[in-house]
Amino acid sequence: MTFQGFTQSDFDTFNIDGLEGRMEAIQTRIQPKFKEIGSNLEDYLSAKLNQEMYLHIAKHARRTVNPPNDTWLAVADNKRGYKKHPHFQVGLWGDHVFIWLALIYELDFKVKIAKQFIEHYDELKSLPGDYAISLDHMKNQSKTIDTLELKDVERFRDVKKAEFLVGKRIYPNDPILQDGQTFLNVVHETVDQLLPFYNIAIGARNQS
């Protein structure tokens with residue numbers, strides 16, 4: 001099976017009440033699509049970086065009461081997990097799809113990576129105008145790249161729980177989402193734009 005795109009039903013998953021019902025919909029509607037997208041991205045990144053990359057699909061296993069408000073796949077250079085490492089995410093909230101380079105609070109060597117991002121702040125600001133920044137992956141909030149401030153990156157350095165995610169948000173009415181190959185092309189293009197920053201983060205990690 002090849003990825004055919006996202007439908008309104010995928011987004012409606014997050015309107016389902018209760019943990020069990022929503023998780024069943026995530027597992028049957030969305031995760032098969034994540035497997036297709038993630039396998040494609042895993043191969044694409046492995047070839048681009050000339051090293052093995054590994055797909056992880058969020059299981060939400062720790063949840064016992066509250067259903068997840070979003071779900072995602074991650075591709076990282078670590079087979080056992082992704083949260084402690086710079087990684088790429090593709091996922092859904094109820095009102096958009098996201099494609100992120102994700103540096104979340106569990107990140108090892110976060111201060112060293114943040115310092116490198118501060119040094120490359122001007123390059124971050126020069127990303128295309130339709131790019132966005134999230135400072136907390138748990139919240140459905142973002143800011144456009146043109147509103148990014150140096151203090152946002154400094155906070156990522158200084159605050160233990162601070163995060164930094166950069167990439168794109170695509171909304172349900174965008175025809176990009178309705179054609180699987182078009183969406184995969186956008187994922188590849190976005191990853192290509194973000195790879196320099198991924199490599200900066202990996203370089204800072206590996207020098208530690």
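Trainee: Where is the place of Phe 109?

Mentor: Phe 109 sits in the loop between strand S4 (96-103) and helix H3 (110-119). Helices (H or I, at least four residues) and strands (E, at least two) are DSSP runs, numbered from the N terminus. This is a predicted model, where local features need pLDDT of at least 70, side-chain atom pairs count only at pLDDT 80 or more, and totals for chains, interfaces and linings use all residues. Residues are numbered from 1 along each chain as its sequence is written, and side-chain values use heavy atoms, with hydrogens and water left out.

Trainee: Why does Phe 109 count as partly exposed?

Mentor: Buried means under 20% relative accessible area, exposed over 50%, and partly exposed in between (1.4 Å probe, protein chains only). Phe 109 has 41% relative accessibility, so it counts as partly exposed.

Trainee: Why does Asn 50 count as exposed?

Mentor: Its relative accessibility is 70%, so Asn 50 counts as exposed. Asn 50 lies in the loop between helix H2 (19-49) and strand S1 (54-57).

Trainee: What is the phi of Asn 50?

Mentor: It is near 60°, a positive value in a residue other than glycine. Phi of Phe 109 is also near 60°. Most residues other than glycine have a negative phi.

Trainee: What makes a set of residues a nonpolar core?

Mentor: The members are buried Ala, Val, Leu, Ile, Met, Phe, Trp, Tyr and Cys residues joined through side-chain atoms within 4.5 Å. The largest such core here has 55 residues. Phe 6, Phe 117, Phe 164 and Phe 183 touch the most other members. Helix H6 (residues 180-207) gives the most to this core, with 13 residues.
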